[in-house]
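Hi,

Here is the structure I promised to pass on.

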Amino acid sequence: MRSKVIGALSIAVAAVGLFAATAPALAQGKTITVWWGKGFYKSEDDALLETIKKFEAKTGIKVELSQYAIQDMIPKTVAALDSGTVPDVAYSDSYDVQAQGKWAYEGKLEDLSDILLPMKDAFAPNTLETALLYNDVAKKKAYYGFPLKQQSMHVQIWGDMLEKAGFKAADIPTKWEDYWSFWCDKVQPAVRKATGQRIYGVGQPMGVESTDSFQSFYTFMDAYHVKLVDDDGKLLVDDPKVRDGLIHALKDYTDTYIKACSPPSSTTWKDPDNNVAFHNKTIVMTHNFTISIAAKWFEDSTNPALTDAQRAAGKQAYEQDIITASFPKAPDGSTIRYRSDVKTGLIFANARNKAEGKQFIAFLLQEENVRPYIEGALGRWFPVTKASQASPFWQADRHRKAVYNQFTGGTAPFDFTKNWKFTILNNENVWAKAMNRVVSEKVPVDKAVDELIARIKQVAG
């Protein structure tokens, strides 16, 4: 629902140098407006406020901060663009997925190459590159945004529920077909028998209003090596191999629901709903594009507002009961290369105080400022720079180690970073619509895939 970056001495020096170079004497007494997505955790927001406090003391520039719920950020920003009164700096978890590529294409974003290129070598693979977007007005590619943090796909499992069903983590298959059969054909009936409750083996996000559904479906596509665009963003959907891979991916994704192995309500789930189902223990496992599920229990374990019993339950869940895992091997036995969604902030081309806005970004990206902000999210977000990824924070427990291992194993960007029109497809959630055509309207999988391909070509061709 809401929402790390530099490190190493050389990078800190580069950032400080950039910061100094963009600090004109006249900056004293100026005020910049900053719009920011509200954090998921108090420690996240506190770290941002502390950075702003230090920035103001160092520069004399005042920061007028407004924080909004993530679902409100796009509508408010669109309204600001329409009225011509944009903030000087803006960040939302939703910008990259839904709007950044379109705004860059239309010439609405400021080129941030001058502050990002000097620290280019600090960024991990497939991070800074995602902000290199095409501007059709300037007829060039440039860095129209600054990478701040990233997320990827993880599996969350109730280990104690698995034990009630008579299994342990070592019993979970690694072969694709055996893996999904395990949850539906073995775990689900066994846990129901053991508890007398209508528990589901899997929580499969399928709602059209859920980003989880499209991110999860991409993982199934990647399991079948489906490549929708080339590196230049050109569509590849006319390739029969792409169609065949999509059919397999959609069939596997919807079969779990058709087998009554995912709650009936999962067709209309929004982003929090698989989390809620997991927390309520009505499902044994789910896949989620962060470890926010496990992090919720960690936060509970340290929350002074809760009772001793509630904190103890949080500690038990986080340290003992919840397992953070990866997907199984792909059907061909290869290891799935996970998609990384790199979250970015922006400066708009018609912002009033662009120089001071860049100053703020350069200051934020200094290691001593950005690391507390990212780590304040309790593992929900992973750093985009090599040095921050080496922080001891990521080796502190098994959940964070699992995130570290997945990211350092190599990731791939989403298609919207290569073809901005995929942001339209993601906003429509054509992926979840195809799922619901199959499970709710009983349309054959191949027909739903043909409709999906037709829509992709219509929008992004």
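The lining of the largest cavity has three nonpolar, five polar and one charged residues. For those classes, Ala, Val, Leu, Ile, Met, Phe, Trp, Tyr, Cys and Pro count as nonpolar, Asp, Glu, Lys and Arg as charged, and the others, Gly among them, as polar. The residues around this cavity are Asp96, Gln100, Gly101, Thr130, Leu133, Val342, Phe416, Thr417 and Thr423. Its volume is about 60 Å³. On a 1 Å grid over the protein atoms alone, a cavity is a set of points where a 1.4 Å probe fits but cannot get out, and a pocket is an open set with protein on both sides within 12 Å along at least five of seven lines; a lining residue has an atom within 4 Å of a point. Points are joined across faces, edges and corners, and the volume is the space filled by probe spheres set on them.

Before you go further, a word on the model: it is predicted, local features need pLDDT of at least 70 and side-chain atom pairs count only at pLDDT 80 or more, while totals for chains, interfaces and linings use all residues. Residues are numbered from 1 along each chain as its sequence is written, and side-chain values use heavy atoms, with hydrogens and water left out.

Next, the second largest pocket, which has a volume of about 440 Å³. It is lined by 21 residues, and Lys141, Asp232, Thr417, Lys418 and Asn419 lie nearest its centre. By class, that lining has eight nonpolar, seven polar and six charged residues. Which elements supply at least two residues each? Helix H5 (100-105) and S4 do, and S4 gives the most, with three residues. (Helices, H or I with at least four residues, and strands, E with at least two, are DSSP runs numbered from the N terminus.)

Ala131 is buried, with a relative accessible area of 0%; buried means under 20%, exposed over 50%, and partly exposed in between, with a 1.4 Å probe and protein chains only. Leaving out residues up to four places away in sequence, Ala131 touches Gln100, Ala142, Tyr143, Tyr144 and Gly145, where contact means heavy atoms within 4.5 Å. The C-alpha atoms of Ala131 and Gly101 are separated by 8.6 Å, and the two are 30 residues apart along the chain.

The loop between H6 and S4 also holds Asn126. Its phi is near 60 degrees, a positive value in a residue other than glycine. Most residues other than glycine have a negative phi. Asn126 counts as buried at 17% relative accessibility. Asn429 is another case, with phi near 55 degrees. Asn429 sits in the loop between helix H18 (422-428) and helix H19 (430-439) and is buried, at 2%.

Now the cores. Nonpolar side chains tend to be buried together in soluble globular proteins. A nonpolar core here is a set of buried Ala, Val, Leu, Ile, Met, Phe, Trp, Tyr and Cys residues joined through side-chain atoms within 4.5 Å. The largest one has 79 residues, and Trp183, Leu228, Leu246, Phe422 and Trp431 have the most contacts inside it. A second, separate core of 56 residues includes Trp36, Val86, Phe348 and Val384. Beyond four places in sequence, the contacts of Leu228 include Tyr218, Met221, Val242, Leu246, Phe422 and Trp431.

How many disulfides are there? The count comes to one, taking a pair of cysteine sulfur atoms within 2.5 Å as the rule. Cys184 is joined to Cys261, with S to S at 2.3 Å. Cys184 is in helix H8 (residues 176-195) and Cys261 in the loop between helix H10 (240-258) and helix H11 (273-279), so the pair, 77 residues apart, links distant parts of the chain. The link is left-handed, with -100 degrees about the S-S bond. Cys184 counts as buried at 8% relative accessibility, and so does Cys261 at 0%.

Lastly, helix H14 (residues 354-364): nine of its 11 residues are buried, so it is largely enclosed by the rest of the structure. Among those buried residues are Glu356, Lys358, Phe360 and Phe363.

Cheers
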